[in-house]
Amino acid sequence: MAFFLETLFGGLMTGMLYSLVALGFVLIFKASGVFNFAQGAMVLIAALSMARFSAWIPHWLGFESLILANILAFAVTAIFMWLIAIIIERFVLRYLVNQEGTTLLMATIGISYFLDGMGQLIFGSSVYTIDVGMPKDPAFILESVFEGGVLVSLEDLTAAVVAAALVAVLAFFFQYTSVGRALRAVADDHQAAQSIGIPLNRIWVVVWTVAGLAALVAGIVWGSKFGVQFTLSTAALRALPVVILGGLTSVPGAIIGGLIIGVGEKLSEVYLGPYVGGGIEIWFAYMLAMVFLLFRPQGLFGEKIIDRV
Amino acid sequence: MFYRENGQFKSSYRADQQIFPIRQDRIFMLGLLAVAFVAVPALASNYFLQAIFIPFLILALAAIGLNILVGYCGQISIGSGAFMAVGAYAAWNFGVRIPAMPLVLQILLGGAFATIVGVIFGIPSLRIRGLYLAVATLAAQFFVDWAFLRIPYFTNYSSSGNVSVPALTAFGLPVQTPMQRYLFVLAFVLVFAVLAKNLVRGAIGRQWMAIRDMDVAASVIGIRPVYAKLTAFAVSSFIIGVAGALWAYIHLGSWEPLAFDLTRSLQLLFIVIIGGLGSIVGSFFGAAFMVLLPVFLTNVPHMFGLSLAVDTASHIEHMVFGALIVFFLIVEPHGLARLWSIGKEKLRIWPFPH
């Protein structure tokens, strides 16, 4: 039982990490109808920039403080993601308005190639570390209930808290700020939003920046856990089943979907994996999402698809 | 001036409905075939045959398969690398376990197995649509990758999943030198291209297109979505499976599951989009673009006398590749096939403006 709970907690926390990446997808899809395959590349480039600048900045300015270095690196990376958002809007999205979903998907795959190459060109392609002082030691909880307690990784727990906080901030941003309201209007109907004077281009920059910041947070958390390297860009592939399971248009869906996929993945790997040779978590997540979709084709919380002739 | 159909009267439906209704097109096609079958093998060096022509033809074949699914039936698939892998490994397993089986039959059976897997993974398309389906097809990709890495039976218990084919012969003729392999592949591609072209012109092709344009409306006028979608998946994965077997047997010779990973699937999808959705000739243009671009990108810095470190060069290649794809999508979202047909229209009235 204790082991089951450990696996369950582990799954929930991995799930929160998936939700972080999934959030980026959902934000962009809601606001611009683009299925952003480049989200993984954005996670990679944000993590690379964070890792390198936190090493470079103290070197350039000649100070030692780790906290200050991290704060400055975060700021610089945030600006960097903003610039990327501007470039993408200016040179890609602006020309592809009203194209089919497939074309837009392909364009984002092109963007992801570009960002992968650019990130490694600027920041180098070795394995780097991010140290934002996340606790590394495991902790035991519920010791009174079970003998020996349940092992929980504090690092995962911190990550889960960070993810939850980010979601709360985003929810607030969407619900109560004027930019958030404009975003929701654009998500609802591009034309209507434009006709009442909401500048579409600026909204897209904002959305891609916000998605870039979500990618940055995801990159910091994943990067400090596993090291910053090229495989980070496959993080997006782990998050895709989360997005379709939760529904492409739903922020809560991304969270719940992340938790379901995280738990399902861990439980299947632990309890089913040994019988079939292990390593099943990546396709199991997709299968799980697919089974859910067979019953609800628009995802758990997606907008209902209504067909009209 | 030379390219127009004045004076070419058609006196039967048969003549009206042929693939190339204009005589100049037929002459051009015959010339092209003569070049492909005679001039290229006679003139091209082994490097050109091996590094450009063979991969170009096989990728074009795979793209035709994918185009049937994505371009004609409108079901986006990011899992086509998986069907290539199934074709390759199934063909190889037949070859290893039944040594007497002829090469062509092995390859076709590889395609048949890809068909079965394709239909199974096509079933969700009956419920799931659009981008949701695109992501769901990734399930096929990851499952197949995993199966060939982790289930030792498929790779005949070779330790790393790496398998290789012995010297090939077909119909008693050797298929070993680059020229022989090129002709072997060319014959396959020609047969399947004609087959595919005729399928999409026929009743089933029209059903696919009706489903693509609007599946609810199509089912209202009496097209069975189940039948249309699953046949599209079946035909498409058969062709992709055959292409996979050819890729493994003829192009690679020895391979591992990694040869058919997600990168391959994305590459095929690029070929289809850049070439033109719903166009057989576009698949060839796209494949040519995709094969020539990396060759071009690696050679351009040398022409200017620049020498870049290997990893810097590969990163720049990545960037240019991505940027070019975006550029092509922006300037011609309907692909190279559209440019081709615009060019043909222009040529018909040339030198007059209207």
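Let us begin with Leu72(A), which lies in helix α3 of chain A. Please bear in mind throughout that this is a predicted model. Leu72(A) belongs to a nonpolar patch on the surface, together with Trp60(A), Leu61(A) and Leu68(A). Taken together, these residues have about 420 Å² of accessible area. Which helices supply the patch? Both α2, residues 39–61, and α3, residues 66–91, of chain A provide at least two of its residues each.

I now turn to the contact between the two chains. Chain A contributes 50 residues to the contact, and chain B contributes 41 residues. The size of an interface is often given as the accessible area lost when the parts come together. Here, chain A and chain B bury about 4,300 Å² between them, and 81% of that area is on carbon and sulfur atoms.

On the chain B side, at least two residues come from each of α6 (130–150), α9 (215–220), α11 (262–275) and α13 (310–331). The largest share of this side, 13 residues, is supplied by α13(B). What kinds of residue make up the side of chain B that touches chain A? There are 32 nonpolar residues, five polar and four charged.

As for specific pairings across the contact, four residue pairs are in polar contact between chain B and chain A, with both residues at pLDDT 80 or more. The count of salt bridges between the two chains, however, is zero.

Over all chains, the structure holds six salt bridges. One of them joins Lys344(B) to Asp25(B), with the closest N and O atoms 3.7 Å apart. This pair links distant parts of the chain, as the two residues are 319 residues apart. Lys344(B) sits in helix α14, residues 336–349, whereas Asp25(B) sits in helix α2, residues 23–43, both of chain B.

Thank you for your attention.

Note on methods: Residues are numbered from 1 along each chain as its sequence is written. Chains are lettered from A and ligands numbered from 1 in the order in which they are written. This is a predicted model: local features need pLDDT of at least 70, side-chain atom pairs count only at pLDDT 80 or more; totals for chains, interfaces and linings use all residues. Side-chain values use heavy atoms; hydrogens and water are left out. Contact means heavy atoms within 4.5 Å. Buried area is the accessible area (1.4 Å probe) that two parts lose on being put together, summed over both. A salt bridge is a side-chain nitrogen of Lys or Arg within 4 Å of a carboxyl oxygen of Asp or Glu. A polar contact is a pair of N or O atoms within 3.5 Å; within protein, one must be able to donate a hydrogen and the other to accept it, and residues adjacent in sequence count only if both atoms are side-chain atoms. Helices (H or I, at least four residues) and strands (E, at least two) are DSSP runs, numbered from the N terminus. Ala, Val, Leu, Ile, Met, Phe, Trp, Tyr, Cys and Pro count as nonpolar, Asp, Glu, Lys and Arg as charged, and the others, Gly among them, as polar. Patches are made of residues with over 30% relative accessible area and no salt bridge: like charges are joined within 9 Å, nonpolar side chains (Val, Leu, Ile, Met, Phe, Trp, Tyr) within 5 Å. Accessible areas come from the Shrake-Rupley method with a 1.4 Å probe; for residues, only the protein chains shown count as cover.
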